[in-house]
Amino acid sequence: MSRKALFFDIDGTLLGEFDGRIPESAKEALKEARRQGHLVFINSGRGYILVKPVLEQVETDGALCGCGTCIMIDGKAAYSYHVPYETGIKLRQAIKDYKVEAVFEGVEGCYFNQEPYRIPEMEELRDSVNRQMGGAFLPLEETSYEFDKFCISADHMSDTKGFFQSIETDFTIIDRDGFYECVPKGHSKATAIQWVLDYYQIPLKDAYVFGDSMNDLPMFEFAENTVLMGKHDKGLEPYATFVTKTVEEDGIAWAMKELGII
């Protein structure tokens, strides 16, 4: 069998919805794939700082983070992109002007408002990330750090349309049911896959992607072998070449066996 490159989303793909854990069957499947000579990568919208806890649980060859803005190979940054400083200054002002609430994501940290958020979901996200990282964050208004992408939430006080118009030249906006990921133009989960395939000289026909939600759409549109989890966003169905079981039903291991990868 030719060498395959496998790309896995995290939430809803490797991690279960209910307990937030990676099934042992998935860990063993990824380990076996590498034993057979295949390449295994995480491909996530999360920044590297939030991917690291997953990398500690599974064997991989690298991680594609922040929707393609950071590519880690064997623990080292092989590619990275940061939002330019001046763009970040304008962005901070737009966040205030249009009354949206944001979190900036980088390789080394997540950056939240110092004051409490108006929107409860953002406050909950800050608390959740704080528990994972175990520390305080630099405030969003601080300008001394680098970040790669950002997310926003909006409510009745926000001018979401105006905000999007102000950033559309520089960012691609992914709607995740009212929570929006904003990714620098020219970067996506698909561009990260292409970078890896070029780096290892692997043809597209030997790439397999595994996902469940609409931020996986770029890699589902790009790849020829697309594995959709049992619980998924309906918008991915037209692009799926194989539908597997849920995370809790050992969907990763089952798919990899059915497809002859392991």
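Helices here are DSSP runs of H or I with at least four residues, strands are E runs of at least two, and both are numbered from the N terminus. What you're looking at is a predicted model, where local features need pLDDT of at least 70, side-chain atom pairs count only at pLDDT 80 or more, and totals for chains, interfaces and linings use all residues. Residues are numbered from 1 along each chain as its sequence is written, and side-chain values use heavy atoms, with hydrogens and water left out.

**The nonpolar cores**

- A nonpolar core here is a set of buried Ala, Val, Leu, Ile, Met, Phe, Trp, Tyr and Cys residues joined through side-chain atoms within 4.5 Å; buried means under 20% relative accessible area, exposed means over 50%, and partly exposed is in between (1.4 Å probe, protein chains only).
- The largest nonpolar core has 31 residues, and L6, F8, F210, I252 and M256 are the ones that touch the most other members.
- At least two residues of this core come from each of β1 (5-8), α1 (24-35), β2 (39-43), α2 (48-55), β3 (62-65), β4 (70-73), β11 (207-211) and α8 (251-258).
- Another core, of 20 residues, lies apart from it, with A5, A207, V209 and L236 among its members.
- As a bit of background, nonpolar side chains tend to be buried together in soluble globular proteins.

- Which residues of α8 are buried? They are G251, I252, A253, A255 and M256.
- The cover over these buried residues includes β1, α1, β11, β12 (225-228) and β13 (242-243).
- Take I252: leaving aside neighbours within four places in sequence, it's in contact (heavy atoms within 4.5 Å) with F8, T13, L14, A26, L30, F210 and M229.
- α1 and α8 pack with their axes 7 Å apart, at an angle of about 35°. Those axes are lines fitted to C-alpha atoms, for helices over the stretch in contact, and the angles run from 0 to 180 degrees between N-to-C directions.
- On the α1 side, S25, A26, A29, L30 and A33 do the meeting, and on the α8 side it's I252, A253 and M256.
- Sorted by class, that contact has 7 nonpolar, 1 polar and no charged residues. Here Ala, Val, Leu, Ile, Met, Phe, Trp, Tyr, Cys and Pro count as nonpolar, Asp, Glu, Lys and Arg as charged, and the others, Gly among them, as polar.

**Two buried loop residues**

- T13 sits in the loop between β1 and α1, and it's buried, with a relative accessible area of 0%.
- Beyond its neighbours within four places in sequence, T13 is in contact with F210, G211, D212, M229, V247 and I252.
- V247 belongs to the loop between β13 and α8 and is buried as well, with a relative accessible area of 7%.
- Again leaving aside neighbours within four places in sequence, V247 is in contact with G12, T13, L14, L15, G16, P23 and M229.
- V247 and E59 are 188 residues apart in sequence and 18 Å apart in space, C-alpha to C-alpha.

**Helices α3 and α5**

- The axes of α3 (residues 85-97) and α5 (residues 160-167) come within 10 Å and cross at roughly 165°.
- L91, A94 and I95 of α3 and F163, S166 and I167 of α5 make the contact.
- By class, this contact has 5 nonpolar, 1 polar and no charged residues.
- F164 is also in α5; it's buried, with a relative accessible area of 16%.
- Setting aside neighbours within four places in sequence, F164 is in contact with I152, I173 and Y180.

**Positive phi outside glycine**

- D177, in the loop between β9 (171-176) and β10 (179-184), has a positive phi near 55° without being a glycine.
- Is D177 buried or exposed? At 78% relative accessibility, D177 counts as exposed.
- D250, in the loop between β13 and α8, isn't a glycine either, yet has a positive phi of about 65°.
- D250 is partly exposed, with a relative accessible area of 36%.
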